[in-house]
Amino acid sequence: MNTPQSRQEFISLCALSVAGLCTASVLPSCRTSPIATTPSDTDTLLMSIDLSQPAYSALRVAGGYMVIRNILIIRYSDVRVIARSAFCTHEGQELIWDSALSMIRCPRHGARYLPDGVVIQGPASDNLIQYRAVLSGDSITVYGR
Ligand code: FES
């Protein structure tokens with residue numbers, strides 16, 4: 001026969017089990033893939049940028065950015081570059097990098113994206129495409145998947 005205490009333990013155990021199942025089913029969808037900086041075997045070379053060329057001088061300094069072949073290339077820091085699709089997922093406006101906010105912004109209707117391309121302010125609702133960008137010396141190499 002169950003005592004009030006054992007019933008309470010049973011309910012607590014059930015609640016923990018349900019919470020565990022919910023957590024297990026939600027976590028994989030919350031997981032974001034890490035942004036690797038080295039190419040993998042499945043990457044496709046999209047472009048190589050020679051930073052010694054004057055045309056790419058904006059990418060020599062942290063905070064600079066350019067749109068090249070529909071890809072927004074951002075010199076995120078002295079040692080890191082980021083590459084994302086260059087057009088807003090709302091109505092296709094070319095995006096800009098706002099280094100003061102450390103965000104990608106749409107100048108038309110104000111959508112904002114994190115550096116990893118995740119939209120955080122509408123009216124855009126879809127994330128940007130991530131490309132893999134590797135900075136090595138005076139060269140940036142961009143890969144797609
Ligand atoms: S086109 Fe970018 S928010 Fe509308």
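1. Start at Ile73. Leaving aside residues up to four places away in sequence, Ile73 touches Leu59, Tyr65, Met66, Ile68, Val81, Ala83, Ala133, Ile140 and Val142. The model is predicted, so read these contacts as computed, with C-beta atoms within 7 Å.

2. Ile73 belongs to the largest nonpolar core, a set of 26 residues. Leu72, Ile73, Val81, Ala83, Ala133 and Ile140 have the most contacts inside this core. In soluble globular proteins, nonpolar side chains tend to be buried together.

3. Which elements give two or more residues to this core? They are strand S3 (71-75), strand S4 (81-85), strand S9 (130-136) and S10. S3 supplies the largest share, 4 residues.

4. S1 pairs with strand S10 (residues 139-144) over 6 bridges, in the antiparallel sense. Ile49 stands opposite Ile140 in S10. Ile140 is also among the core residues with the most contacts, and Ile73 touches it.

5. Overall make-up: the protein has 1 helix and 10 strands.

6. Two totals for the protein. Of its 145 residues, 22% count as buried. Take contacts between residues at least 6 apart in sequence: 40% of them join residues at least 24 apart.

Note on methods:
Residues numbered from 1 in each chain as written. Predicted model: local features only at pLDDT ≥ 70, side-chain atom pairs only at ≥ 80, totals over all residues. Pairing = 2+ DSSP bridges. Core = buried A, V, L, I, M, F, W, Y, C linked by C-beta atoms within 7 Å. Buried ≥ 20, exposed ≤ 12 C-beta atoms within 10 Å, placed from the backbone. Contact = placed C-beta atoms within 7 Å.
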